[in-house]
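Biologist: I'm new to this one and would like to learn how to read it. Could you walk me through it, feature by feature?

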Amino acid sequence: MTRSPGTTTPSPGLDVDELLQTAAIVVCCGAGGVGKTTTAAALALRAAEQGRKVCVLTIDPARRLAQSMGLTELDNSPRAVAGVDAASGGSLDAMMLDMKRTFDEIVLTHADAQRAQQILANPFYVSLSSSFAGTQEYMAMEKLGQLRATGSWDLIVVDTPPSRSALDFLDAPQRLGRFLDGRMIRLLLAPAKAGGRGVMKVFTAGLSVFTNVLNRVLGAQTLKDLGLFVSSLETMFGGFRERADKTYRLLKEPGTAFVVVAVPERDALREAAYFVDRLSEEHMPLAGLVLNRVHRSAIESLSVQRSLAAAEHLEETGEGALAAATLRIHAERVSAAARDRHVAERFRAAHPGVPVVQVGAQSTDVHDLDGLRRIGAELAVAS
Amino acid sequence: MSDFPSVKLHVVTGKGGTGKTTVAGALALALAAGGRQVLLTEVEGRQGIAQMFDTPPLPYEERRVAVAPAGYSGRGGEVYALAIDPEAALIEYLEIFYNLKRAGSALKKLGAIDFATTIAPGVRDVLLTGKVMEAATRERRGGGRLYDAVVLDAPPTGRIARFLNVNAEVAGLARMGPVRQQADSVMNLLRSRRTAVHLVTVLEEMPVQETIDGVKELTNAELPVGGIVVNMVRQPLLPQEALTAAAAGKVDSAEIDRGLKAAGLDNTRKLVEALSAEAVEHASRVMLEERERASLRELGRPMYELPLLTDAVDLSCLYELAGKLSEQGLV
């Protein structure tokens with residue numbers, strides 16, 4: 001499709017209700033601090049109240065939002081949310097991801113009891129399972145796959161981890177797979193395969209430098225722990241890779257939709273743009289962009305200049321301090337609205353095909369179901 | 001007078017979206033004022049410093065990114081920047097301590113470094129903090145530029161205690177050996193009076209909660225908590241009495257109506273109602289911010305406030321913010 005220069009094609013609006021009726025998986029992604037969790041919860045609640053059986057998987061919700069959804073304990077399985085209007089026959093379950101526990105469960109599934117205990121107790125496993133840069137992303141995907149496999153829900157809404165970069169989430173499963181298949185792992189396994197002896201025989205001259213360095217830098221005991229960990233994990237490699245690939249394919253299925261969440265600020269939109277481009281490269285189904293915290297005014301016809309001039313006049317003459325103050329509040333709001341619109345326009349111009357829906361800035365934090373309903377209703381109004 | 005005269009290493013953390021990198025940049029500029037040499041470092045591979053100072057991506061090399069006003073000495077202050085990546089830090093470390101430059105590149109080819117820093121994130125953090133420590137403790141003799149202060153744009157609040165508490169992270173993996181020794185000396189610096197960890201937040205529920213949790217975790221890890229920098233603060237525009245009333249949903253619309261008429265604006269009902277509604281929203285926002293500010297005060301740490309900048313943050317804004325940090329005594 002070619003566009004003549006100078007004309008802007010208006011972006012289509014995002015039909016949220018259509019999405020919530022048809023999708024099987026909705027993945028909310030975006031930079032940290034843009035309201036991903038709230039958006040995911042609001043979408044899930046709306047779908048549930050429109051009659052679907054919904055599960056929302058959150059990563060790290062704000063305490064009060066978590067409480068409002070009954071997420072007071074971290075037990076790694078979905079619980080019914082109380083207070084949802086079930087008149088249309090829908091339901092809402094919610095769960096918070098326990099990263100380490102999800103990892104432990106995989107180990108227990110794929111290894112016999114004795115080996116599993118060995119793995120779980122190894123210091124390298126403890127380190128990897130609780131702080132590997134991609135573990136949270138990987139486990140979120142793993143959990144999504146598990147929830148999906150039960151067939152208990154029509155729709156699963158996933159909130160992605162607060163990654164340094166939103167892209168980590170797409171890469172993590174493959175990175176973990178690559179890591180487990182990597183040359184290093186095989187090198188470390190070599191001595192074990194040779195019967196635990198004759199390390200140097202197996203290693204070529206170049207490789208002996210490698211163990212030598214590791215020995216000096218990490219210490220011999222550490223290297224031994226590492227070797228044990230890797231060899232005990234070996235039996236599970238196939239399983240890990242298979243699962244990572246399966247989840248990745250799941251994300252490409254027709255029932256899956258990605259919703260990119262952002263706020264009208266340069267950094268957040270830059271991340272959102274990367275994500276949109278990346279999803280299209282990977283042929284992942286992008287539903288659209290949710291732009292949170294957009295400033296608006298019901299009376300934008302009263303301009304910043306006129307409001308400020310009137311406020312100054314009133315302050316000089318002393319005729320109305322309250323009116324002057326409200327005019328200043330209004331001026332601030334209109335200029336914020338103009339700024340937000342400008343930033344949003346730039347995004348639309350660069351990504352003309354991406355549906356966008358805007359949610360207004362809330363004057364207080366959202367931490368109950370009514371608040372989520374309001375957000376849901378705003379999301380459903382095509383912008 | 002600075003609230004942190006003994007501090008040489010300033011660690012800046014904050015929740016995503018609170019402007020931690022901006023505050024770190026402003027702090028570096030403030031510290032450089034009066035002719036001092038300051039190093040600003042980042043460890044997350046985001047190239048946030050380069051974007052902020054509008055320079056090409058930073059290599060693993062100390063580059064000058066800004067100058068600060070000259071002091072009595074007549075010498076201008078300078079801010080250098082360094083993006084630390086664990087791979088380069090490991091190779092440098094092997095080179096310095098073991099004279100293993102060639103081994104370093106062999107390991108790189110094998111993917112060993114990627115492997116080591118992946119399987120043991122604690123080791124990665126030791127390398128990152130180790131490099132920061134090296135810059136902060138350089139002495140007259142030996143290589144490298146000498147700095148009066150080092151600012152670290154650190155990982156976010158949720159991970160900061162874990163990132164800095166390298167000893168605990170490495171202890172389980174390496175009970176002895178050079179990595180452990182390195183972790184110990186990093187820990188000595190981090191726990192000393194020469195280090196302060198400043199937390200950046202905005203006046204919203206989640207960032208404030210994370211700040212409170214972060215202070216608790218840092219304290220438990222015996223890491224020195226510095227100041228709380230409250231960023232993007234908005235001015236309350238309503239007089240106190242009207243603010244309290246508006247927060248309760250009460251706005252004197254007759255008075256607004258009179259005022260609009262006096263100012264020669266169309267005092268339609270729609271306009272009056274919309275202005276009242278905006279005043280109510282403004283007031284509830286301000287009250288919420290006041291509550292969050294009060295919870296932060298309970299931490300008993302020095303607090304510094306920076307205004308919300310209406311335009312995109314550029315270099316001139318950084319100088320303005322640096323000035324505010326100095327005025328309030330952080331520097």
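This is a predicted model: local features need pLDDT of at least 70, side-chain atom pairs count only at pLDDT 80 or more; totals for chains, interfaces and linings use all residues.

Biologist: Which residues of H14(B) are buried?

Modeller: The general idea comes first. An α-helix has 3.6 residues a turn, so residues three or four places apart point the same way. In H14(B), the buried ones are B:Leu318, B:Leu321, B:Ala322 and B:Leu325. They cover an arc of only 105° around the axis, which puts them on the same side of H14(B).

Biologist: What does the face of H14(B) turned away from the buried side carry, and what covers the buried residues?

Modeller: That opposite face carries B:Ser316 and B:Glu327, which are exposed. The cover over the buried residues includes helix H1 (20–32) and strand S8 (303–307) of chain B. Also look just past the end of H14(B), where B:Gly329 takes a positive phi of about 90°.

Biologist: Let me try the reading on another helix. Which residues of H9(B) are buried?

Modeller: H9 of chain B covers residues 178–190, and its 13 residues reach 18 Å from first C-alpha to last, close to the 18 Å expected at 1.5 Å a residue. Its buried residues are B:Val179, B:Gln182, B:Ala183, B:Val186, B:Met187 and B:Leu190. Their arc around the axis is only 140°, which puts them on the same side of H9(B).

Biologist: On to sheets. In what order do the strands of the open sheet in chain B come?

Modeller: Strands of a sheet pair through backbone hydrogen bonds, either parallel or antiparallel. In chain B, eight strands form an open sheet with mixed pairing, ordered S3-S4-S2-S5-S1-S6-S7-S8. The edge strands are S3 (63–68) and S8 of chain B, and each pairs on one side only. From one strand to the next, the twist averages 25°.

Biologist: Which strands pair with S5(B)?

Modeller: On one hand, strand S1 (residues 9–14) of chain B pairs with S5(B) in the parallel sense over four bridges. There, B:His10 stands opposite B:Val151. On the other hand, strand S2 (residues 37–42) of chain B pairs with S5(B), also in the parallel sense, over five bridges. In that pairing, B:Thr41 has B:Leu152 as its bridge partner. S1(B) also pairs in the parallel sense with strand S6 (residues 195–201) of chain B, over six bridges, and B:His10 stands opposite B:Ala196 there.

Biologist: Which way do the residues of S5(B) point, and are they buried or exposed?

Modeller: In a regular strand the side chains alternate between the two faces of the sheet. In S5(B), B:Ala149, B:Val151 and B:Asp153 point one way, B:Val150 and B:Leu152 point the other way, and all are buried. Because five of the five residues of S5(B), 149–153, are buried, the strand is largely enclosed by the rest of the structure.

Biologist: What about chain A? How many helices and strands does it have?

Modeller: Chain A has 17 helices and eight strands. Buried residues make up 46% of its 383 residues. Its open sheet has eight strands, in the order S3-S4-S2-S5-S1-S6-S7-S8, with mixed pairing. S3 (79–80) and S8 (356–360) of chain A stand at the edges with a single partner strand each, so one side of each is left without a neighbour in the sheet. Further in, S2 (residues 53–58) and S4 (residues 91–96) of chain A pair in the parallel sense over six bridges, with A:Lys53 opposite A:Ser91.

Biologist: Which strands does H2(A) lie across?

Modeller: Helix H2 (residues 36–49) of chain A lies across S1 (25–29), S2, S4, S5 (155–159), S6 (256–262) and S7 (286–294) of chain A, running at about 170° to S2(A). Helix H14 (residues 266–281) of chain A packs on the sheet too, touching S1, S6 and S7 of chain A, and its direction makes about 160° with that of S6(A).

Biologist: Last one: how many residues does the largest nonpolar core have?

Modeller: In soluble globular proteins, nonpolar side chains tend to be buried together. Here the largest nonpolar core has 174 residues, and those with the most contacts inside it are A:Ala44, A:Val157, A:Val260, B:Leu27, B:Val79 and B:Val151. H1(B) gives the most to this core, with nine residues. A second, separate core has 28 residues, including B:Leu243 and B:Ala283.

Conventions: Residues are numbered from 1 along each chain as its sequence is written. Chains are lettered from A and ligands numbered from 1 in the order in which they are written. A residue is buried if 20 or more other C-beta atoms lie within 10 Å of its own, exposed if 12 or fewer, and partly exposed in between; C-beta atoms are placed from the backbone. Helices (H or I, at least four residues) and strands (E, at least two) are DSSP runs, numbered from the N terminus. The arc is that of the directions from the helix axis to the C-beta atoms. Two residues are in contact if their C-beta atoms, placed from the backbone, lie within 7 Å. Two strands pair if DSSP finds at least two bridges between them. Axes are lines fitted to C-alpha atoms, for helices over the stretch in contact, and angles run from 0 to 180 degrees between N-to-C directions. A nonpolar core is a set of buried Ala, Val, Leu, Ile, Met, Phe, Trp, Tyr and Cys residues joined through C-beta atoms within 7 Å. The expected span of a helix is 1.5 Å times one less than its number of residues.
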